[in-house]
Amino acid sequence: MGFMDAVKSVYSNYVGFQGRARRSEYWWFALFYFIVAVALQLIAVGVNETMGGALYLLFLLGTILPGIAVQVRRLHDTGKSGWWVLLGLIPLIGVIVLIIFYVGDSQPGANKYGPNPKGVDAGPAPAAA
């Protein structure tokens with residue numbers, strides 16, 4: 001999944017909290033968010049503070065729901081409840097734990113949140129001894 005595919009995927013599923021999101025979808029969206037946020041901050045500092053601040057506020061308001069939704073779907077992909085996103089409210093430690101969750105691999109096969117977005121099955125059942 002490429003940069004534009006991931007951003008389109010997040011915005012086409014704007015407030016979809018169900019299902020799963022691959023690592024690439026989450027991280028490409030995070031990169032998009034970071035690049036646009038930095039660009040808007042540079043506009044605020046270099047060109048016009050009022051215009052840059054207003055543009056950043058509009059961008060923030062337009063991305064808060066899809067950002068939370070992709071985080072929840074990413075947590076679903078690792079087999080965790082979307083409520084874990086609230087860990088981000090705990091300074092430093094919560095963010096570190098969430099980053100560890102976000103970089104983790106997908107749970108193989110289908111889980112209670114849906115099929116694996118990579119199309120990877122859990123594999124054959126272990127042989128009985």
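Trainee: Is Leu-92 buried or exposed?
Mentor: Leu-92 counts as exposed because its relative accessible area is 63%, and the cut-off for that class is over 50%. Please keep in mind that this is a predicted model.

Trainee: Where is the place of Leu-92?
Mentor: Leu-92 sits in the loop between helix 3 and helix 4.

Trainee: What about the phi of Leu-92?
Mentor: Leu-92 is not a glycine, yet its phi is positive, at about 60°. As background, most residues other than glycine have a negative phi.

Trainee: Which loop does Val-85 lie in?
Mentor: Val-85 is also placed in the loop between helix 3 and helix 4.

Trainee: Is Val-85 buried or exposed?
Mentor: Val-85 is buried, because its relative accessible area is 17% and buried means under 20%.

Trainee: What does Val-85 touch?
Mentor: Not counting residues up to four places away in sequence, Val-85 touches Gln-71, Val-72, Leu-75, Leu-98 and Tyr-102. As for Gln-71, its C-alpha atom is separated from that of Val-85 by 6.9 Å, and the two residues are 14 residues apart along the chain.

Trainee: Leu-75 was in that list. What is Leu-75 in contact with?
Mentor: Leaving aside neighbours within four places in sequence, Leu-75 is in contact with Lys-80, Ser-81, Gly-82, Trp-84, Val-85, Leu-98, Phe-101 and Tyr-102.

Trainee: Which residues touch the most other members of the largest nonpolar core?
Mentor: Those are Leu-75, Leu-98 and Tyr-102, in a core of 16 residues. Helix 2, helix 3 and helix 4 (93–103) are the elements that give two or more residues to this core. Helix 2 gives the most, with 5 residues.

Trainee: Let us move on to helix 4. Is Gly-94 buried or exposed?
Mentor: Gly-94, which lies in helix 4, counts as buried because its relative accessibility is 0%.

Trainee: And what is Gly-94 in contact with?
Mentor: Leaving aside neighbours within four places in sequence, Gly-94 is in contact with Leu-87 and Gly-88. The C-alpha atoms of Gly-94 and Trp-84 are separated by 9.3 Å, with the residues 10 residues apart along the chain.

Trainee: How does Val-95 count, by its relative accessibility?
Mentor: Val-95 is found in helix 4. Its relative accessibility is 39%, so Val-95 counts as partly exposed.

Trainee: Which residues does Val-95 touch?
Mentor: Val-95 touches Leu-87, Gly-88 and Ile-90, not counting residues up to four places away in sequence. Between the C-alpha atoms of Val-95 and Val-85 there is a separation of 9.1 Å, and these residues are 10 residues apart along the chain.

Trainee: A change of topic: what is the volume of the largest pocket?
Mentor: The largest pocket has a volume of about 250 Å³. Helix 2 (23–46) and helix 3 (49–77) are the elements that give two or more residues to its lining.

Trainee: Which element gives the largest share of that lining?
Mentor: Helix 3 gives the largest share, 7 residues.

Trainee: Which residues line the largest pocket?
Mentor: The lining is made up of Tyr-26, Phe-29, Ala-30, Tyr-33, Leu-60, Thr-63, Ile-64, Gly-67, Ile-68, Val-70 and Gln-71. By class, 8 are nonpolar, 3 are polar and none is charged.

Trainee: Now the whole chain. How many helices and strands are there?
Mentor: The protein chain has 4 helices and 0 strands. Along the sequence, the pattern reads α-α-α-α.

Trainee: How many residues does the chain have, and what share is buried?
Mentor: There are 129 residues, of which 32% count as buried. The accessible surface of the protein chain is about 7900 Å², and 71% of it belongs to carbon and sulfur atoms.

Trainee: What share of the contacts is between residues 24 or more positions apart?
Mentor: Among contacts with a separation of 6 or more, such residues account for 62%.

How values were computed
Residues are numbered from 1 along each chain as its sequence is written. This is a predicted model: local features need pLDDT of at least 70, side-chain atom pairs count only at pLDDT 80 or more; totals for chains, interfaces and linings use all residues. Side-chain values use heavy atoms; hydrogens and water are left out. On a 1 Å grid over the protein atoms alone, a cavity is a set of points where a 1.4 Å probe fits but cannot get out, and a pocket is an open set with protein on both sides within 12 Å along at least five of seven lines; lining residues have an atom within 4 Å of a point. Grid points are joined across faces, edges and corners, and a volume is the space filled by probe spheres set on the points. Ala, Val, Leu, Ile, Met, Phe, Trp, Tyr, Cys and Pro count as nonpolar, Asp, Glu, Lys and Arg as charged, and the others, Gly among them, as polar. Buried means under 20% relative accessible area, exposed over 50%, partly exposed in between (1.4 Å probe, protein chains only). Contact means heavy atoms within 4.5 Å. Accessible areas come from the Shrake-Rupley method with a 1.4 Å probe; for residues, only the protein chains shown count as cover. A nonpolar core is a set of buried Ala, Val, Leu, Ile, Met, Phe, Trp, Tyr and Cys residues joined through side-chain atoms within 4.5 Å.
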